[in-house]
Every structure is written in structure tokens, then in C-alpha cells.
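Open the model in your viewer and keep the selection tool at hand. Each stop below says what to pick and what to look for there.

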Amino acid sequence: MQRFKNILCVVDPEEDGNKMALERAITLADSNNATLTVINVFPGSGINANMFNKNFSNDIEASVIHSRNEELKSFVDNFPQQIKIHTKIIVGTPFLEIIYEVLRNGYDLLIKTPTRVEWMDRIFSSDDMHLLRKCPCPVWMIHKDTTKSYKNILAAIDISTSDQEQEIKANESLNEQILKMAGSLAVSELANLHIVHAWHAPGESMLHGPRIRMDHAQILEYTKNIKHIHEKKLDTFIDNISTEKTGELIDFLKPKKHFVKGFPNKVIPEFAKKIDADLVVMGTIGRTGIPGLIIGNTAEDILNQLHCSVLAVKPSGFVSPVTLKK
């Protein structure tokens, strides 16, 4: 079972949805006997220092920080204090300061409500996407309209069809983390655990074309065999993780497995909506691609189409491109 020991929750007391995010952070920290730190990050007072003397500008900045700190403490004090909660105000570029905070203090989970951008037809702002791409720990983005308790948690598993041992191991490690976190949350939320895997038969559309003219029965046999390969790989992975990594957790949850035909960036958001998923747990790193690419194109497409909470997981050994200032 995944255990969290040092949780960071980012809130803005003036934004909708932050109450639910903090409630979940407190509950999770309490059940895991974890340390919880709640921070508010803001860009600064916006006062042009060149227009005033340095001391006056510093006084204004200190006054704003003090006001925000009081507001944050008042917000936190409204919640049951079954655990000690540390609070902090940080000034700077929000996504950078959050990642610096994670790097400095070794947080193993970041909880945040997506920043609301009224004109965007998507859940995540550019700052949120930076966190999903670059934050070294798992990022749990809690939708502002999330329910008090989850009913359906969806773990999106991508089974590697590569024959490269290093890629297979990296894929299995990421899937292991996804399933462990989804399973742990399903237990704590008393929710149904769903496992979805999107698959497709390479070249199937060409086989239907006029140039090849393959018999329909042969095409069906081909796609059936491809699906069988994916089913076997997923079953083997779940069996291995059940016996070696999670003990009786998966057996206890009895997750529902779903094989959805199609490309992940299309069918996974559709399936999440179909089962009314409250939370999607997924990896955000592409197996292959452009050097330096922090988030897989497919993962980014999926994230931009989801309208529920998301827990984004990165593989072990991931190193953030953001480094601490020296």
C-alpha cells in the first residue's frame, strides 16, 4: 500500500475548490500519520520599487505577506485540527516556487486545486501543466467540483509492446506506482477501482483499404490476436504486482479491467466520462520521444480533455529540469 509521509498542499483561500483540496490533504495526512504543509504562493505586491524608496517598497511587501499569512492561517483554522498543520507564504513565480519547495523539503505528494482560467475550455492552466510536467513528486489536482467521497477511481495503464528491456522495466515501474496509488486511494475512499488499457491493432485501417483487400475474417482474426496479446500482458502485470508488490491489496479491491480499443488520447477521456470517474491516476512521461520532453504528447492530450480530478505519476528516477538556486 502506498504511504505518504510528507504532503504539500497549495491553496488560495480566495479560490473556489480549495476547501475540498485541503480537506482531502488533512484526511490523507491523518490516515498516513504524515506531515502536512499548506502554502499560498503569490507573484508579489505588484508595486514598482523604482517609484518608491527601497524601505517603503519592502514595507509594502512585508505588509502584503503578513496579510496573506493571516488569511491563510484563518482559512486553515476553520478545519478540524486532528493533526498539526504547518503554513507558509511564498513569493515568486507560482509553479517554480512550488517545485523549489518540493525539492528543498522532499515532499512525496503535492495536492492542489487547478488554477481557474475562465476563458479556457480545459481544466488545467499553464502553471498547472508546468507542475504536471516538472514536479518531481506525484501531483494530485483536485477538481473544484469534486464530490466529498470518490466512487470510481480509474488507473490508466499503458502496457509496453517494446522489446527493449530498459523500456519494459521503466514502463512496469511506472505502472506499478500508478496501480499502488490508485489502489491505496480506492481503499481509503471505499471506491471502485477500474483499470483501463487502450489498445489498437497497428495498420488495421490499411488492411481495410482497396490496395490490400484482406479478407474481413482475416482482419478480425488479426485484431483479435493483438487484443489477446495486450490482455495477456496486462493480466501478467497485475498478477505479478498482486503477489510481489501490493500483497493482498489488489485481490481485496477486485478491480474491474477494461480493454478499450483506440488511441489513448481519444478513448481514455471518453471512458473516464463514461464511468463517471472521480479520479484518474495516470503516468505523465512518454516512453520515447524528443530528448528533454518532460511530458508525453499522449499524456498531455489526455490531461487537456479530462474534467475530473487527476493524480499524475512519474517513474522512479525522474529528475526535474527545475533545479534549486545556488
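**Stop 1: Ser309**

Select Ser309: with a relative accessibility of 0%, Ser309 counts as buried (buried is under 20% relative accessible area, exposed over 50%, partly exposed in between, with a 1.4 Å probe and protein chains only). Ser309 belongs to strand E10, residues 309–313. Helices (H or I, at least four residues) and strands (E, at least two) are DSSP runs, numbered from the N terminus.

This is a predicted model: local features need pLDDT of at least 70, side-chain atom pairs count only at pLDDT 80 or more, and totals for chains, interfaces and linings use all residues. Residues are numbered from 1 along each chain as its sequence is written, and side-chain values use heavy atoms, with hydrogens and water left out.

Now show the surroundings of Ser309. Which residues does Ser309 touch, not counting those up to four places away in sequence? They are Trp140, Met141, Ile142, His143, Thr146, Tyr150, Asp278, Leu279 and Val280. Contact means heavy atoms within 4.5 Å.

Two polar contacts can be drawn here. A polar atom of the Ser309 side chain lies 2.9 Å from the backbone nitrogen of His143. The side chains of Ser309 and Tyr150 form a polar contact of 3.3 Å. The rule is a pair of N or O atoms within 3.5 Å; within protein, one must be able to donate a hydrogen and the other to accept it, and residues adjacent in sequence count only if both atoms are side-chain atoms.

**Stop 2: charges over rings**

Arg24 lies over the face of Tyr150, 3.8 Å from the ring centre. The criterion is NZ of Lys or CZ of Arg within 6 Å of the ring centre and within 35 degrees of the ring normal. Next, select Lys314 and Phe318. The charged end of Lys314 sits over the Phe318 ring, at 5.5 Å from its centre.

**Stop 3: an aromatic pair**

Rings of Phe, Tyr and Trp (its six-membered ring) pair if their centres lie within 6.5 Å; planes under 30 degrees apart count as stacked, over 60 as edge-to-face and the rest as tilted. By this rule there are 2 aromatic pairs. Phe75 and Phe79 have ring centres 5.5 Å apart and planes at 70 degrees, so this pair is edge-to-face. Phe75 is buried at 14% relative accessible area, and Phe79 is buried at 7%.

**Stop 4**

Move to helix H2 (residues 54–77) and pick Arg68. Is Arg68 buried, partly exposed or exposed? Arg68 has 24% relative accessibility and counts as partly exposed. Beyond its neighbours within four places in sequence, Arg68 is in contact with Asn40, Phe42 and Ile89. Arg68 and Asn40 are 28 residues apart in sequence, yet 8.1 Å apart C-alpha to C-alpha. Their side chains make a polar contact of 2.7 Å.

**Stop 5: helix H4**

Select residues 126–134, helix H4; its buried residues are Asp128, Met129, Leu131, Leu132 and Lys134. What do these pack against? Their partners are helix H3 (94–105), strand E4 (109–112), strand E5 (139–141), helix H10 (297–303) and E10.

**Stop 6**

Between H10 and E10, pick His307. His307 is exposed at 51% relative accessibility.

Next come two backbone angles. Most residues other than glycine have a negative phi. Leu190 has a positive phi of about 55 degrees. Leu190 lies in the loop between helix H5 (165–189) and strand E7 (192–199), and is exposed at 77% relative accessibility. Asp276 also has a positive phi, near 60 degrees. Its loop runs between helix H9 (264–274) and strand E9 (279–283). Asp276 is exposed at 55% relative accessibility.

**Stop 7: zoom out**

Show the chain: 10 helices and 10 strands. Of its 326 residues, 49% count as buried. Among contacts between residues at least 6 apart in sequence, 79% join residues at least 24 apart.

Finally, colour by pLDDT, the predictor's confidence in each residue, from 0 to 100. The chain averages 83, and 83% of the residues score at least 70.
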